[in-house]
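Here's a quick briefing to read with the structure open beside you. Have a look at the fold, then come back for the details.

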Amino acid sequence: MNGTDTVGVDKRVYVDKQSPKAYHALAQTAEAARTVAAEAGLDRALVELVNLRVSQINGCAYCLDVHTRAALREGETTRRLGVLAAWRDTELFTAQERAALALAEATTSPADAALQEDAYALARRTLSDEEISAVIWVAVTINAFNRVSIMSKHPVRGGVPRQ
């Protein structure tokens, strides 16, 4: 397609379906990141908070839908999910969660050197080396999935709109 063609402009390629080998490799990486997180002692609810916060920053509706449901299955509360975007302004998150969320944000916005340094300093005071590595890997993989879903325009389906 050249710059003047408009046929198919609105139809997105689902890159996960178009290139399944690459998508499966990404899925395996995400599974490895979840395993590393579990081995580091991070519970799955914290992993889902990281997935959600990164997806909020990236604006990925599909991943927000998937990981909100996963967080709820892991026992997360709607109250904490509702204020997750403003976690710094609440007392609802533990020191471990705060350090993980800050590190996930820094991983998502690596060009912000001040954010990165502050987040890493907090992580060093609060998390073990294994936990730091696990949080970064979880953030890296959800960032990749966000980009796959955003560029593919994966739809959020189901439910009835509220009147």
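How do the residues of the lining of the largest pocket divide into nonpolar, polar and charged? They split into 13 nonpolar, five polar and six charged. Keep in mind that this is a predicted model, with a chain average pLDDT of 93.

**The overall fold**
- The chain is helical, with eight helices and zero strands, so to read it along the sequence is to read α-α-α-α-α-α-α-α by the DSSP runs.
- Its C-alpha trace spans about 55 × 40 × 30 Å along the principal axes.
- Out of 163 residues, 37% count as buried.
- Among contacts with a separation of 6 or more, 68% are made by residues 24 or more positions apart.

- A pLDDT of at least 70 is reached by 91% of the residues.
- Take care with residues 1-6, where the pLDDT is below 50; beyond near neighbours in sequence, that stretch has two contacts in the model.

**The largest pocket**
- Its volume comes to about 420 Å³.
- There are 24 lining residues, and the closest to the pocket centre are Tyr23, Tyr62, Val66, His67 and Phe145.

**The aromatic pair**
- You'll find one aromatic pair in the structure. The partners are Tyr23 and Phe145, with ring centres 5.9 Å apart.
- Their planes sit at 75 degrees, which is over the 60 degree cut-off, so the pair counts as edge-to-face.
- Tyr23 belongs to helix H2 and Phe145 to helix H8, so the pair ties together parts that are 122 residues apart in sequence.
- Tyr23 counts as partly exposed because its relative accessibility is 28%, between the cut-offs of 20% and 50%.
- Phe145, at 17% relative accessibility, counts as buried because that value is under 20%.

**A buried serine**
- Ser55 is found in helix H3.
- Is Ser55 buried or exposed? Ser55 is buried, because its relative accessible area is 0%.
- Setting aside neighbours within four places in sequence, Ser55 is in contact with Cys60, Cys63, Leu64, Ile142 and Asn146.

Key. Residues numbered from 1 in each chain as written. Predicted model: local features only at pLDDT ≥ 70, side-chain atom pairs only at ≥ 80, totals over all residues. Heavy atoms only, no water. 1 Å grid on protein atoms, 1.4 Å probe; cavity = no way out; pocket = protein on both sides within 12 Å on 5 of 7 lines; lining within 4 Å. Points joined across faces, edges and corners; volume = space filled by probe spheres on them. Nonpolar A, V, L, I, M, F, W, Y, C, P; charged D, E, K, R; others polar. Phe/Tyr/Trp six-rings, centres within 6.5 Å; stacked < 30°, edge-to-face > 60°. Helix = DSSP H or I, 4+ residues; strand = E, 2+ residues; numbered from the N terminus. Buried < 20%, exposed > 50% of the residue type's maximum accessible area, 1.4 Å probe, protein only. Contact = heavy atoms within 4.5 Å. pLDDT = per-residue confidence, 0-100.
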